[in-house]
Amino acid sequence: MRELEADVIAVPPFSMQHLLGGHAVHYRCQHPEAKGMRVDVMARMRGVDAFEALWERRTTLEGADGTLYDLLSFPDLVQAKKTQRDKDWPMIRRLIEADHAACATSPTPAQIRFWLAECRTPELLIELARMHPQLANEQSQREAMQAALRGDEAEVQTALENEERRERQADRDYWLPLKRELEQMRRG
């Protein structure tokens, strides 16, 4: 953060107590090469595993200059995007559609299982269920998959909306006590 010339821009202040308590610490970068960028530091996120497990599953990309970048694995990124924010849900849909488009010719069983478990596009979910019925049946506890196996697009859409509504509520429930703590810090 020093190299980025980053300043904390809101409460809470940077401390392990706040990070381990589930808060995010927000920074704004001042370095000319990163001016205005926001960085959120978190020690834990709702709905995803602990850092150690995420690190084991990380994806490492190499930039043109040879710099290595460690990122959340694709499944962990999708899980982390299941928030109450409106902008995250279309992103999940597009990420899965793009992954399917890139890998559809020779997917692994693990990729197919992931698509069947996380797909947010009714037509694609129905197609996947039709193409991979045995793997789709493994996901039959998912309401959207039950509808996809029947080929009922409207019912798939309703089930996906229900899934999203539950995840958004779980995210609101997670952040509510943390928001209360932030309000107390602001008043203090």
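**The pocket and the rest of the chain**

Analyst: Helix 9 gives the most to the lining of the largest pocket, namely five residues. Helices (H or I, at least four residues) and strands (E, at least two) are DSSP runs, numbered from the N terminus. A pocket is found on a 1 Å grid over the protein atoms alone, as an open set of points where a 1.4 Å probe fits, with protein on both sides within 12 Å along at least five of seven lines; lining residues have an atom within 4 Å of a point.

User: Before we go on, what kind of model is this?

Analyst: This is a predicted model, in which local features need pLDDT of at least 70 and side-chain atom pairs count only at pLDDT 80 or more, while totals for chains, interfaces and linings use all residues. Residues are numbered from 1 along each chain as its sequence is written, and side-chain values use heavy atoms, with hydrogens and water left out.

User: Back to the pocket. How much space lies in it?

Analyst: The largest pocket holds about 870 Å³. That volume is the space filled by probe spheres set on the grid points, which are joined across faces, edges and corners. The lining has 26 residues, and those closest to the centre are Ala 24, Asp 40, Met 42, Arg 85 and Trp 175.

User: Which elements supply at least two residues of the lining?

Analyst: Strand 2 (24-28), strand 3 (38-42), helix 3 and helix 9 each do.

User: How many helices and strands are in the chain?

Analyst: The chain has nine helices and five strands. From the N terminus on, they run β-α-β-β-α-β-β-α-α-α-α-α-α-α. Of the 188 residues, 34% count as buried. Buried means under 20% relative accessible area, exposed means over 50%, and partly exposed is in between (1.4 Å probe, protein chains only).

User: New topic. How many aromatic pairs does the structure hold?

Analyst: There are three aromatic pairs. Rings of Phe, Tyr and Trp (its six-membered ring) pair if their centres lie within 6.5 Å; planes under 30 degrees apart count as stacked, over 60 as edge-to-face and the rest as tilted. One of the pairs is Phe 74 with Phe 114, edge-to-face at 5.4 Å centre to centre and 65° between the planes. This pair links distant parts of the chain, as Phe 74 in helix 3 (residues 74-80) and Phe 114 in helix 5 (residues 109-118) are 40 residues apart.

User: Is Phe 114 buried or exposed?

Analyst: Phe 114 counts as buried because its relative accessibility is 14%. Phe 74 is partly exposed, at 22%. Another edge-to-face pair is Tyr 174 with Trp 175, at 5.1 Å centre to centre and 90° between the planes. Both Tyr 174 and Trp 175 are buried.

User: What else is in helix 5 that is buried?

Analyst: Besides Phe 114, the buried residues of helix 5 are Ile 112, Trp 115, Leu 116 and Glu 118. Their cover includes helix 3, helix 4 (88-103), helix 6, helix 7 and helix 8.

User: And which residues of helix 8 are buried?

Analyst: In helix 8 (residues 143-150), Ala 144, Met 145, Ala 147 and Ala 148 are buried. These residues cover an arc of only 160° around the axis, so they are on the same side of helix 8. The arc is that of the directions from the helix axis to the C-beta atoms. An α-helix has 3.6 residues a turn, so residues three or four places apart point the same way.

User: What do those buried residues pack against?

Analyst: They pack against helix 5, helix 6, helix 7 and helix 9 (153-187). Just after helix 8, Gly 151 has a positive phi of about 75°.

User: Where does His 132 lie?

Analyst: His 132 lies in the loop between helix 6 (122-131) and helix 7 (133-138). His 132 counts as buried because its relative accessible area is 18%. Apart from neighbours within four places in sequence, His 132 is in contact (heavy atoms within 4.5 Å) with Ile 112 and Leu 116. Ile 112 and Leu 116 are among the buried residues of helix 5.

User: Last one: what is Glu 167 in contact with?

Analyst: Glu 167, found in helix 9, is in contact with Arg 46, Lys 82 and Trp 89, leaving aside neighbours within four places in sequence. Glu 167 is partly exposed, with a relative accessible area of 22%. The C-alpha atoms of Glu 167 and Gly 47 are separated by 9.2 Å, although the two residues are 120 residues apart along the chain.
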